[in-house]
Amino acid sequence: MSAIKNKSQFVICGTDTDIGKTLISSFFVRGLNSFYWKPIQSGIESETDSQAVARLAKVKKAKIISEAYIFREPVSPHWASEIDQKVINFQLLNLPNIDGSLIVETAGGLMVPITRNCLQIDQIKKWDIPVILVCKSGLGTLNHTLLSIEALRKRNIKILGLVINGKKHLDNPKTLTEFSSLPIIAEFPYIQKIDSNNLDILWEELNIKNKLITLLNQKK
């Protein structure tokens, strides 16, 4: 597991808004004792995503890397930055130099604009680290997920696999695998109360450690 902890860097992105990226980021941060970075945070009505990950994953404060930008309004970064009258400097979006595993959570979906001339997927391409794509389990996921996969593959962005989030569906996981040929890293179930203990239990039950080792070895 030490090889995973020391060398693994993943981007967690979703197929839609409110898909559960922060929850799944917390899951991997907790399981890998990883660093976490949300480069752009749009919306600060309650807690930021970094604060949510810190609360759920219960990692040391040093593992939560400060955002490059925090905008007030819960809208697309390109508009949120304009509302706050801030210009996004892409040099501040370079991956942090850390010793250990890193989970990067995107601001919104793949095609969300960061600026008026750059999409989130363009930044993911620059990072050049594997993507873990979070998708919902129920109705609509086939279209949204397969379109997201197509967009990533068109740009030759590495996809480690899928995390399906929500109440178990009897057919969607099978169909997504058949059409995409991508592995399902986890079917993350709906849980009313999420805490670090539940995340630990799921990490073991879903055998994430061995799945990651296998997938990373295949990518070499």
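This is a predicted model: local features need pLDDT of at least 70, side-chain atom pairs count only at pLDDT 80 or more; totals for chains, interfaces and linings use all residues.
1. The axes of α2 (residues 21-32) and α8 (residues 196-205) come within 10 Å and cross at roughly 75°. That makes α2 roughly perpendicular to α8 (a label for angles of 65 to 115 degrees, taken between N-to-C directions on a scale from 0 to 180 degrees).

2. On the α2 side, the contact (heavy atoms within 4.5 Å) includes Leu-23, Phe-27 and Phe-28, and among their partners in α8 are Leu-199, Leu-202 and Trp-203. The residues of this contact divide into seven nonpolar, three polar and two charged.

3. A polar atom of the Asn-198 side chain lies 2.6 Å from the backbone oxygen of Lys-193. Leaving aside residues up to four places away in sequence, Asn-198 touches Ile-191 and Lys-193.

4. Now to α7 (residues 172-180), where Asn-172, Pro-173, Thr-175, Leu-176 and Ser-180 are buried (under 20% relative accessible area, with a 1.4 Å probe and protein chains only). Seen down the axis of α7, these buried residues fall within an arc of 165°, so they line one face of the helix. Their cover includes β9 (131-136), α6 (141-154), β10 (159-165) and β11 (184-188).

5. Turned away from that buried side, the other face of α7 carries Lys-174 and Glu-178, both exposed (over 50%). Just after α7, Ser-181 takes a positive phi of about 60°.

6. A word on reading these values: residues are numbered from 1 along each chain as its sequence is written, and side-chain values use heavy atoms, leaving out hydrogens and water. Local features need pLDDT of at least 70, side-chain atom pairs count only at pLDDT 80 or more, and totals for chains, interfaces and linings use all residues.

Conventions
Helices (H or I, at least four residues) and strands (E, at least two) are DSSP runs, numbered from the N terminus. Angles under 35 degrees count as roughly parallel, over 145 as roughly antiparallel, 65 to 115 as roughly perpendicular and the rest as oblique. Ala, Val, Leu, Ile, Met, Phe, Trp, Tyr, Cys and Pro count as nonpolar, Asp, Glu, Lys and Arg as charged, and the others, Gly among them, as polar. The arc is that of the directions from the helix axis to the C-beta atoms. A polar contact is a pair of N or O atoms within 3.5 Å; within protein, one must be able to donate a hydrogen and the other to accept it, and residues adjacent in sequence count only if both atoms are side-chain atoms.
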